[in-house]
Amino acid sequence: MDYRIALIPGDGIGPEIVREAKKVLDKVCEVYGHHFTYQELLLGGASIDVHGIPLTEETVEAAKASDAVLMGSIGGDAKTSPWYQLEPSKRPEAGLLGIRKALNLFANLRPAYLYDELKGACPLKEEIIGDGFDMIIVRELTGGLYFGERKTVEEDGVRKAVDTLSYDEKEIRRIAVKAFEIAKKRRKKVTSVDKANVLDSSRLWRKVVEEVALQYPEVTLEHMLVDNCAMQLVHNPGQFDVILTENMFGDILSDEASMVTGSIGMLSSASLNETKFGLYEPSHGSAPDIAGKGIANPLATILSAAMMLRFSLDLDQEADAVEAAVAQVLKEGYRTMDIMSEGMTKTSTAQMGDLIAERI
Ligand code: NAD
């Protein structure tokens, strides 16, 4: 099959880790007989350096014309980089928010998977870890409290701030459909997280999710209150398959879930729109402290590329092969600096990419 992939290396370690992900994708093409055409796009600091702005129309149009976007990360050291002398709307992060908005990416996917070999990095007790965990958080990204009307006023000498949490049924339905579609490709369980004992928006959320569930009889749906979910993530993380939730709850829970894996260099993510199109990127930042040293962990980006194969290109077998190669390399004891432990073999960014590609 032929696909057009937009690559956004970005800033800091971005170019180094995207290079390794491309290496792995090239190997996938070779082994499975696909053809990917790549177009490199500028975003963030890299775009500021060339165009004076973090996001150009050209980047947006080229991204829209592709089947999927694979990104490194954006941004620099806020204390030393000249990018942060610019007004906030011209800084690197504005480019990232801008492209997410321009591409209408309303669904954010963050897997939290514990590799057997990295159990030592998990902050939970062994009896809680059990056989490990493998979940994905599907978070609504463009509605809710972060996008509702807000104001700060003074009434009778008392300052008051108001934020509005609003969801309509269309917004809920489209993210719920994403979660059920993803669950269909996994262990077929959706845990919808809300605060329906208090919030009207959550009560509507629950109703609409139940309506969507009727279209997916093979998927089990359960509801969980957000406070309970926060506890369950550190009490029994193995119970979760797909967690579906609104914007703010998802913001908090996805960070909690990723931290229980313990390894920032391993965390992939995806943001999808209503079609199959998506933007795939590691959850970590541009790590300016280690940029250019060849020691960054490329696995989060390689695993993001695997998500791209699965969710945007429907190449499930190829995605499985990439994920299996990552597991295999860890099993063989290869580690980048950030996940290094005693007795393991230390590898550079490029060596890690080679090792994964060799095992596809
Ligand atoms: P960071 O994630 O870049 O780094 C935090 C720590 O983790 C650093 O010590 C770093 O060296 C380490 N680290 C991160 N990724 C690693 C990897 N792949 N391999 C090995 N070590 C890794 O977070 P930060 O330092 O707070 O932010 C740095 C810059 O990244 C800032 O400009 C921030 O705005 C930006 N950022 C961008 C994104 C994005 O592009 N989506 C996300 C978060 C932060």
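Mentor: One cut-off before we start: buried means under 20% relative accessible area, and exposed means over 50%. Also keep in mind that this is a predicted model.

Trainee: Is Ser 271 buried or exposed?
Mentor: Ser 271 sits in strand S11, residues 268-272. Its relative accessible area is 1%. The cut-off for buried is under 20%. Because 1% falls under that cut-off, Ser 271 is buried.

Trainee: Which side chain makes a polar contact with the side chain of Ser 271?
Mentor: Ser 271 belongs to strand S11. Its side chain has a polar contact at 3.3 Å. The partner is the side chain of Asn 108.

Trainee: Is Ala 6 buried or exposed?
Mentor: Look in strand S1, residues 2-10, for Ala 6. Its relative accessibility is 1%. Buried means under 20%, so Ala 6 counts as buried.

Trainee: How many Å apart in space are Ala 6 and Ala 65?
Mentor: In sequence, 59 residues separate Ala 6 and Ala 65. Take the distance from C-alpha to C-alpha. In space they are 8.7 Å apart.

Trainee: What is the separation of the C-alpha atoms of Leu 233 and Glu 256?
Mentor: Leu 233 lies in helix H8, residues 226-235. It is buried, because its relative accessible area of 0% is under the 20% cut-off. Glu 256 is 23 residues from Leu 233 along the chain. Their C-alpha atoms are separated by 7.6 Å.

Trainee: How many residues of strand S8 are buried?
Mentor: Strand S8 spans residues 189-194. The strand is mostly covered. Of its six residues, the buried ones number five.

Trainee: Which handedness does the crossover from S8 to S9 have?
Mentor: S8 pairs with strand S9, residues 220-225, in the parallel sense over six bridges. Within that pairing, Lys 189 stands opposite Thr 220. Between the two strands the chain passes through helix H7, residues 200-213. This β-α-β crossover is right-handed.

Trainee: Which residue in S10 stands opposite Thr 191?
Mentor: S8 also pairs with strand S10, residues 242-245. That pairing is parallel, over four bridges. Opposite Thr 191 stands Ile 243.

Trainee: In the hairpin of S6 and S7, which residue takes a positive phi?
Mentor: S6 (residues 150-155) and S7 (residues 158-163) pair in the antiparallel sense over six bridges. Glu 154 faces Arg 159 across the pair. Two residues lie between the strands. The positive phi, near 50°, belongs to Asp 156.

Trainee: How many residues of the shell around the ligand are charged?
Mentor: There are 20 residues around the ligand, and those that come nearest are Gly 76, Glu 93, Gly 285, Ala 287 and Asn 297. The shell has nine nonpolar and seven polar residues. The charged ones number four.

Definitions and conventions. Residues are numbered from 1 along each chain as its sequence is written. This is a predicted model: local features need pLDDT of at least 70, side-chain atom pairs count only at pLDDT 80 or more; totals for chains, interfaces and linings use all residues. Side-chain values use heavy atoms; hydrogens and water are left out. Buried means under 20% relative accessible area, exposed over 50%, partly exposed in between (1.4 Å probe, protein chains only). Two strands pair if DSSP finds at least two bridges between them. A crossover is right-handed if, with the strands pointing away from the viewer, the path from the first strand over the helix to the second runs clockwise. A residue is near a molecule or strand if one of its heavy atoms lies within 4 Å of it. Ala, Val, Leu, Ile, Met, Phe, Trp, Tyr, Cys and Pro count as nonpolar, Asp, Glu, Lys and Arg as charged, and the others, Gly among them, as polar. A polar contact is a pair of N or O atoms within 3.5 Å; within protein, one must be able to donate a hydrogen and the other to accept it, and residues adjacent in sequence count only if both atoms are side-chain atoms.
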